[in-house]
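Subject: Structure handover

Hello,

Here is the structure you were waiting for. The notes under it say what was found.

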Amino acid sequence: MSFIESPRSTCALGGALAYINSLARTAPVIHAGPGCGSVLTFGQNFDGGYQHIGHSGGFAAPSSNTLERHVVFGGEDRLREQIGTTLEVIDADLYFIITGCTAGLIGDDVRAVAGEFSGKGKKVVFAETPGFKGNTYTGYEIATQELLRQITKPSRRKRQLTVNVLGVVPAQDPFWQGNLAEIRRLLDRIGIRTILSGDGDGLVQLQKASEAKLNIVLSPTTGLAAANFLQETHGIPFLQQALPVGTETSFFLRRVAELLEFDSGLLDTVIREEEDYLWKHLIKLSEAYAYILVNREFGLIGDTNYAIGLTRFLTNDLGLIPRFVILTDEAPQPLRSGIEAAFDGLENNIRPQVFFEPDCYRIADLVRENRPDILLGSTVDREVAKELSLPILTLSFPLTDRVALSNSYAGYRGAVNLAEDLGSAILSA
Amino acid sequence: MSSEHNNIGNTTVPTRENRLHTITAYVGSGNDIAGKAKNGCLLQQDRRFSQSAACAEMMPLCNSALIDGNVVIAHSPVGCSGMLSLINLIGKTGRLMRGLPPKNTKGISTNLSEHDVVYGGGPELEKAILEADVRHNPPAITIITSCASGIIGDNVEGIVKELQPKVRATLIPIQCEGFRSGVVSTGYDAFLSSLLQVIDPPKIKRADTLLLVNPLSISRPNEVEIERLLDQLGLKAQWFPLFTDFKNVRNASETAGVASLCSLMSNYFFRQLKVKYGVSYVEPPMPVGLEFTDWWLRDVGRMLGIEEKVEDLIKKEHARVRPQLDELREELQGKRAYIGFNLEKSLSLQSLMTELGIETVVSTGFEYSDDYGLDRIENLNKRCGGNYTLHIGNFQHFEWAHLFNREKPDLLVGGLELGGAALRQGVPVAPVLPGTFYLGYDGAVNYAREIVKALRNTAYSRNLARHVQLPYRKSWFRQKTHTYIGRSEQ
């Protein structure tokens, strides 16, 4: 790992906290220094398009606020006290202890302290997520896997046509809720039920996650830890697919149906109707297409999850030319050749240049060297867009110039949103 | 850099807890806290239940990112620099308001990894410093430490000493490990006193120039109001250290004296600056409303020997502004406010509320120390009775929620930290944010108008509260607000 100018992620603790904030009636118990919870609230909820999320999120997140004396003498007693009082004050079904750098470095035995509270009618789980373990995505990986390990019960049989959806990191994807809602809507339409949907999962769903027939990992990099765990422990296979956007969604739905081995009559109807919806709107765009979009080469700056799906839609459906893609999420080295390959096979074999680069200064240089006509990126990238007089649509983290509530860029409806927002960004530049 | 620059400010600052017996946990009344403070029995207590608070690293990061041209390096895992984007937003707006082209603030995280915490993060910090210097050619680079870098024992000052000859920028290390203090202003001490390393000895004295410390939440319209007032006293304002050219940091010791727009934050720095360069200082409250702006101007006038001029100015300003405030008072009389910021700001806004006929039911501050609390509270107790609830908490949402629920105020006078909490409990917000004009005499009128506006349509908060489920057990609201402060009574 190397230093990063204007980082586009928080730390492992941040990723764990974001995941907990996506769960129903689940309270975090942050065992860390006094500032971690607030810095992450400012740095994640605000930077993810301004979202107050979580059953006990934001400034309401319980935190042990360890000080120098705890660093010197150990923080276990303080944690024990904090868990006890959290159970008294906070009304939740599940209490999730996550640790920061101080606890990680002084070696508090969090497992043992958490264990003292089990079997007392309250569900207390833990994950060790000190910031130095990695970025937001790493924290999501650790937290999801630990939670499933500690909560999910063995299942006697799998339920037909059920899936778990994994891999979308709340707030780090500012449009996570809208994206997951679109995926859920589509699965629902073809008769597939989600157990874990990634948004608002509660204790019951977490316990029953083992009953799913298939796990859908909506990312080439994230969600794998949980999927591997569920495969090894509960025998659930998984399908890995970058967040699908536009017509790509049809391939995705067909793959899911294939893996779940079910009759495709309904599937064909749904896909036809959904594609009709997509093209009804793209037809509306045709009159002005030549004016707004034709021959535009785009540059895309975002995490791997988004970049693949967006590039496919913009290239294969919307007919734009991908010039470069800058992947900012520091994907693990072993996954990188696979990620590169995901940009093969686009329309007419056009291939964008693919860079792995988290550092904002070098990103700006790459944009200058590979000057596109339009840019998709984060709020930080507005500066280089302005310098080069490029229209920019901001949609990736950190996103502080937009409000993200239910908007989505996934599936068919998300694709229409993307065409709409991109066109608007170009016209208002 | 000459060696004398390293005498002060280059070492770890004392915590507010140790230096000023600052406390972060208290619930009582204005009268109670004043009484206890005078009897010396106001002691820090721990909370048995606590929530996300603030650490000593936050303010050095946020503030040094806003020194014009400066690069801040967070020697930390990547999450510690999480506030950079928000600061970027404040920075861009702040620059626009000062007629400067908007540009991104420059912040770098050394992104400490598991490998670094085992083998040391020094090499990564060295690379970051050298690269920051090449990339941005900044006048200064501030390097802030973190819990992780502190515990693993990286020698940041050593690295800085070694690298200084190799870079053009002045390197300013700031020791501010997050765990060192539960008082956010310890971070202000670390930040401001670190600048003593780069303030030059005075070559001349500029008798007509007042050095003014500007907190990051004070936006340009407030500075303009202060400049307007000082101008009438024949004084120039030199803002320090945010949104100001680095040369105005360097020559800060040449000013006739120093005052602050937030004495809470500048407390340690003023004493250090006085010791090092003999610059006189005054510590009046934040100039909000008539009484506290008068107080602020009188203190400045006394320091500079221009008391008469100040009295003339006060008379003139009152004559102009009072009728406007009286009009607004008619509309606002009898409303009940909950005020929530750091204590300095809360108490100053409470003074304005009193002038507007608004009853303060709760005043919240993130910390309390006699140094910047007692004289203000005694003043307020005389003017509005001492029965209002005074709450001290480094955030602590559950106590805020408890007080919102108990007092059901008509409005919150607050900022980013309490705003959302209030709305979700049905309390409309008259925000004081970076961008709000509320200082001085004209600021009082402007902000009073904002309150009138905030009360004109309260539909959002009212409807929102009906849909919000707070995370607390019902039993929490039947207990006392201070239940979790101090050891349990067993």
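The largest pocket in this predicted model has a volume of about 1400 Å³. It is lined by 48 residues, and those closest to its centre are A:Phe46, A:Gln51, A:His52, B:Gly420 and B:Arg424. Chain A contributes helix H2 (36-46), which supplies at least two lining residues. From chain B, the elements that each supply at least two are helix H4 (84-97), helix H17 (397-407), helix H18 (416-424), strand S13 (429-431) and helix H20 (459-467). H18(B) gives the most to this lining, with seven residues. By class, the lining of the largest pocket holds 25 nonpolar, 19 polar and four charged residues.

The second largest pocket has a volume of about 560 Å³. Of its 28 lining residues, A:Leu67, A:Arg69, B:Glu17, B:Gln44 and B:Asp46 are the closest to the centre. Helix H3 (68-73) and helix H4 (76-89) of chain A each supply at least two residues of this lining, as does helix H1 (16-20) of chain B. H3(A) gives the most, with three residues. The lining of the second largest pocket has five nonpolar, 14 polar and nine charged residues.

Rolling a probe the size of a water molecule over the atoms shows where empty space is left. The structure holds nine cavities of 30 Å³ or more. About 530 Å³ of space lies in the largest cavity. Its lining has 29 residues, and the closest to its centre are B:Met59, B:Tyr188, B:Leu216, B:Ser217 and B:Glu417. Two or more residues of this lining come from each of these elements of chain B: helix H3 (58-64), H4, helix H9 (184-194), helix H12 (263-277) and H18. H4 and H18 of chain B are also among the elements that line the largest pocket. The lining of the largest cavity divides into 24 nonpolar, three polar and two charged residues.

The second largest cavity has a volume of about 240 Å³. It is lined by 22 residues, of which A:Gly35, A:Cys36, B:Glu57, B:Gly79 and B:Cys80 lie nearest its centre. H2 and helix H5 (101-106) of chain A each supply at least two residues here, and so does H3 of chain B. The largest share, three residues, comes from H2(A). By class, this lining has 14 nonpolar, seven polar and one charged residues.

Chain A also has a sheet to look at. Which strands form it, and in what order? Four strands make an open sheet in the order S6-S5-S7-S8, with parallel pairing. Strand S6 (193-194) and strand S8 (238-240) of chain A are the edge strands, each pairing on one side only. Strand S7 (residues 214-217) of chain A runs parallel to S8(A) and is joined to S8(A) by three bridges. A:Ile216 has A:Leu239 in S8(A) as its bridge partner.

Two helices of chain A lie against this sheet. Helix H10 (residues 224-234) of chain A lies across strand S5 (162-166), S7 and S8 of chain A, and runs at about 155° to S8(A). Helix H11 (residues 248-260) of chain A packs on the sheet and touches S5, S7 and S8 of chain A, its direction making about 160° with that of S7(A).

The axes of helix H10 (residues 220-232) and helix H19 (residues 440-456) of chain B come within 8 Å and cross at roughly 140°. On the H10(B) side the residues in contact are B:Glu225, B:Arg228 and B:Leu229. They meet B:Gly440, B:Tyr441, B:Asp442 and B:Gly443 in H19(B). This contact has two nonpolar, two polar and three charged residues.

Last, the confidence values. The predictor gives the complex an ipTM of 0.97 and a pTM of 0.97. Chain B averages a pLDDT of 95, and 97% of its residues score at least 70. Residues 1-9 of chain B are a stretch where pLDDT stays under 50. For that stretch the model has 20 contacts beyond four places in sequence.

Regards

Definitions and conventions
Residues are numbered from 1 along each chain as its sequence is written. Chains are lettered from A and ligands numbered from 1 in the order in which they are written. This is a predicted model: local features need pLDDT of at least 70, side-chain atom pairs count only at pLDDT 80 or more; totals for chains, interfaces and linings use all residues. Side-chain values use heavy atoms; hydrogens and water are left out. pLDDT is the predictor's confidence in each residue, from 0 to 100. Contact means heavy atoms within 4.5 Å. On a 1 Å grid over the protein atoms alone, a cavity is a set of points where a 1.4 Å probe fits but cannot get out, and a pocket is an open set with protein on both sides within 12 Å along at least five of seven lines; lining residues have an atom within 4 Å of a point. Grid points are joined across faces, edges and corners, and a volume is the space filled by probe spheres set on the points. Ala, Val, Leu, Ile, Met, Phe, Trp, Tyr, Cys and Pro count as nonpolar, Asp, Glu, Lys and Arg as charged, and the others, Gly among them, as polar. Axes are lines fitted to C-alpha atoms, for helices over the stretch in contact, and angles run from 0 to 180 degrees between N-to-C directions. Two strands pair if DSSP finds at least two bridges between them.
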